[in-house]
Amino acid sequence: MPSLSDRFRHLKQRNEKALVLFLTAGDQPLSELDDIVGALEEGGADVIEIGIAFSDPFGEGPTIQASSQRALDNGASPRKILRAVAGLNAKIPIVTMGYYNPILRYGLAEFAEESHASGICGTIISDLVPDEAEAWCKASEDAGIDTIFLVAPTSTPARIDEVCARTTGFVYAVSRTGVTGAENQVPTDVRDLVGRIRSKTDKPICVGFGISTPEHVRMVCEVADGAVVGSYVVNKLHDEWKGGAGRAAIVAAVKQLKQATILN
């Protein structure tokens, strides 16, 4: 799998922005993960975030909370997810997204090393802030994987400085305060948030939270380097995947999202 930096460089050469898609591993059987990722990649996904289910996903809205609970009920665990990721045939970057407690229990160095061995190129830990991340940053750097931090609309200039200094791969800009979830409208102050981040770094910036339509993706990609679509994809997979029977519908939906990242 290519690195995040290689992927963003390639997209820039093609005058495209990144379509980053999130799914909860284990919401569908882990034995189907390769087929699901393959469908998302066929549709045009540039990066896949593999969500690691946690019993207290306090930063998530009802859609991803429900998917996490289903994954846990299906027996998903960080170790099983890493094994499933190791079996992927994807040719695009794969990152994991989750919470610090399961990774801490796993062992920071062990999780980082096994992530790298599984082909994962980066990790987003939703509840880990950069000024408390020294141990994890060392473990991930030693293992050769990126660490992606989040910036919120409420982030202070000092916090944005910390994130930009610590993050590798890309900066994850949260479009609004609150929890994840598909919305009818992306906040119009995204442009201001991306501008504040852009003044601090030349690293790629991807915007997530509340993005669920091609129009949302297009709006975000006018100012940022990529759009992250989560709850919409989780809902689509839950409603339509059905063991692969809905594969064509998933591919078609992703193609519509990807088309919105192509700049004219």
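User: Why is Phe209 counted as buried?

Analyst: The relative accessibility of Phe209 is 11%. Buried means under 20% relative accessible area, exposed over 50%, and partly exposed in between (1.4 Å probe, protein chains only). The model is predicted: local features need pLDDT of at least 70 and side-chain atom pairs count only at pLDDT 80 or more, whereas totals for chains, interfaces and linings use all residues. Residues are numbered from 1 along each chain as its sequence is written, and side-chain values use heavy atoms, leaving out hydrogens and water.

User: Where does Phe209 lie, and what is stated about its phi?

Analyst: Phe209 lies in the loop between strand 8 and helix 10 (214–221). Helices (H or I, at least four residues) and strands (E, at least two) are DSSP runs, numbered from the N terminus. Although Phe209 is not a glycine, its phi is positive, at about 85 degrees. Most residues other than glycine have a negative phi.

User: What makes Asn15 partly exposed?

Analyst: Asn15 has a relative accessibility of 39%, a value between the limits for buried and exposed, so Asn15 counts as partly exposed. Asn15 sits in the loop between helix 1 (4–13) and strand 1 (18–24). Its phi is positive too, about 60 degrees, although Asn15 is not a glycine.

User: Why is Gly230 called buried, and with which residues is it in contact?

Analyst: At 14% relative accessibility, Gly230 falls under the limit and therefore counts as buried. Gly230 is part of the loop between strand 9 (226–229) and helix 11 (231–240). Neighbours within four places in sequence aside, Gly230 is in contact (heavy atoms within 4.5 Å) with Phe22 and Ile211.

User: How do you know whether helix 4 and helix 6 are roughly parallel or roughly antiparallel?

Analyst: Helix 4 (residues 78–86) and helix 6 (residues 108–118) pack at an angle of about 25 degrees, and their axes are 8 Å apart. Axes are lines fitted to C-alpha atoms, for helices over the stretch in contact, and angles run from 0 to 180 degrees between N-to-C directions. Angles under 35 degrees count as roughly parallel, over 145 as roughly antiparallel, 65 to 115 as roughly perpendicular and the rest as oblique. The two helices are therefore roughly parallel to each other. Residues making the contact include Leu82 and Val85 of helix 4 and Phe111 and Glu114 of helix 6.

User: What makes the buried residues of helix 8 lie on the same side?

Analyst: Ile160, Val163 and Cys164 are buried in helix 8 (residues 157–166). The arc is that of the directions from the helix axis to the C-beta atoms. These residues cover an arc of only 95 degrees, which puts them on the same side of helix 8. Strand 6 (150–151), strand 7 (171–174) and helix 9 (190–198) are among the elements covering them.

User: Why are the buried residues of helix 9 said to line one face?

Analyst: In helix 9 the buried residues are Val190, Leu193, Val194 and Ile197. Viewed down the axis, they fall within an arc of 95 degrees, so they line one face of helix 9. They pack against strand 6, helix 8, strand 7 and strand 8 (205–208).
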